[in-house]
Amino acid sequence: MSVLGPTSPDGGAQERVEGFIAPEIPGKAYQLPLWRRKPLLIIGLVILGIYVLLAVAGPFFVDDPRVTDPANFYQGPSSDNWFGTDKFGRDVFARAVHAARLDVTIGIVIALSSMVIGSAIGVVSGYFGGWVDEVMMRLTDVVMAFPGFVLALVLVAAIGNSVPNVVIAVSVAYIPYFIRLTRAQVLAERELEYVDGAKLAGNSPLRVAFRHVLPNSMGPSFVQAALVAGWAILTVAGLAFLGVGIRPPTAEWGVMVAEGAPDIITGQWWTALFPGGMIVLAAMAFQFIGDDMGAETL
Amino acid sequence: MWRYLGRRLLISMATVIGIVIIVFFIVRVLPGDAAIVRAGPYANEQKVAEIRQQYGLSDPIPVQFRDYISEVFTGNLGVSIRTNGDVTDELLQRLPASLELAFYAVVLAAIIGIPMGIIAAARRDSWVDRMARVFAVLGSSMALFWLGLLLIYFLFFKLRWFPGPIDRLAIGTEPPDSITGFFTIDAALHGDFGLMVEAFRYLALPVITLGFVLAAPILKMVRASMIDALESEHVRTARAIGVPYWQILFRDGFRNALLPVTTAIGIVFGYMLGGNVIVEFLFAWPGVGRYAYTAIQVNDLEALQGFVIVVGILYVGLNVVIDLVYAWIDPRIRLGKKVAA
């Protein structure tokens, strides 16, 4: 059951009444419009749309994020510098917009790559079973015995700071979730009759697994991927905040928060709180989308 | 019962061994020269060679593995490059600070999350329920460092309600003699209530930061499992024969929701063991998370590796404790029957 999703209004009582079959209602039943049924989904998609627009077009309209202006350091938010300027006089808004391109891309790439790898392993594990399944399950047990953030942290620390390394490390932390999810789905799916049909039609086992069972088992993974994209943005920024992975002077939200954090206790709140707010809003958009599509949002 | 526990313990040991092996692979075997990482960016070749020698990094991998395993399983996590101190000692010394922070954060999260979840489930689709849902989504998408900075700015810099992010106590304040390692409890045990209040004041901001984020998953889990319980047939029967609603809510609803709630608190604890690196760094909290942060800054792989192993073992140990609690709450496990939940 979805954690916060809708459940049937009669609490499933109907299914339990033996011998009773609900009559088919002729014609299409009336439904509320989508924005009334799933307001959070729409809000999430709108916010995400703004971010994507910002990431694609934004950098053409703002200044170079690297340009310093020592005469104008620590200027508060104004019509010239919407988010103010930092200790080097760099425009915080320009940097935040450039960072949007990097952060949103990284979040989506991590979600997609861990979904693709995780579900490929999951379908093999679930469909074929045997020792491969056993080994895979024990491996995911061990990987999931680490809090994901700690795993990503130590991975990046070991393989070195760079954008691709961060993508790899954070993806590795999320792959086990997709393995588990796909495997559970495949275990139920492979018992269905169409699978027997596909086998009888002479398809090879691999083809049945990947072309027939896998596409029918992907639904929950897509929903989960929306959440993972949000969490990945939080994780990458969290790592950058600790000085791991993406480093200054790159314009990245977590790096900007880290650089601006010491300014908080001297009163220049804008250097850290604006980019931090953009991280939270982006994560929230993905969370809204995943939550309203009924993901397991723990 | 005992068979069940024995099986769980065996699995946990296997997981710990797995963690130790994986950490070895991450730190030693992955591409990236461990000696160069340890030596730092400004080392010359001679220094790198020295370090390679000192840590036995030029030995064949199986030999390194054997040495590493025998060290780790005798409780020796190596020597920190930065402090020249024993990593095991340094971690154990810092652990109480982290545990105190974690303990109060989970307590706060439970105080917020459990009642909100119960009310949200009891009054489904009311405005309380909607507020709870928004709160849950906010909590799951909150960046710890951002919330922490927000609290520091408003509650410390602007309003001066709480002390700034410097340490567990004000500079110059002597910590209480250690009994439990929790400053608040130790101070109370010594009868020094002024010191206890000071310790709580320094705990406040990091605890609120973590507690807010951790309340979200607890709230969701309580709400979902309460709804499941309230929709069950025994609740319908109880209502039909006229049992008071509040009694149904707690006796039939909450008691049945306890199992998933225990799971949620366990997951939350695990999450915090990772999140505390950020919060401890932000609030200059002298725990294991901050130790890991400092280790990363100077490529102190020995210390970092020790931190990861300790966190992994704590997490696995926690899961064993949760299984014990499960068995205590749920007679079906105690009596060795299959659990549907």
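User: What makes Leu95(B) in α5(B) the place of a kink?

Analyst: The helix bends by about 35 degrees there, where the bend is the angle between axes fitted to the seven residues ending at a residue and the seven starting there. The kink lies shortly before the proline Pro96(B). Bear in mind that this is a predicted model, where local features need pLDDT of at least 70, side-chain atom pairs count only at pLDDT 80 or more, and totals for chains, interfaces and linings use all residues. Residues are numbered from 1 along each chain as its sequence is written, while chains are lettered from A and ligands numbered from 1 in the order in which they are written.

User: How does the length of helix α5 of chain B compare with what is expected, and what is the expectation?

Analyst: Its 36 residues, 87-122, reach 50 Å from first C-alpha to last, close to the expected 52 Å. The expected span is 1.5 Å times one less than the number of residues.

User: How many helices and strands does chain A have, and what counts as one?

Analyst: Chain A has twelve helices and zero strands. These are DSSP runs numbered from the N terminus: helices are H or I with at least four residues, strands E with at least two.

User: What makes up the side of chain A that touches chain B?

Analyst: Chain A brings 48 residues to the contact and chain B 50, a contact being C-beta atoms, placed from the backbone, within 7 Å. α12(A) gives the most to chain A's side, with eleven residues.

User: Which residues is Ala232(A) in contact with, leaving aside neighbours within four places in sequence?

Analyst: Ala232(A) then touches Ile106(A), Gly107(A), Ile110(A), Ala111(A), Val170(A) and Tyr174(A).

Terms used
Two residues are in contact if their C-beta atoms, placed from the backbone, lie within 7 Å.
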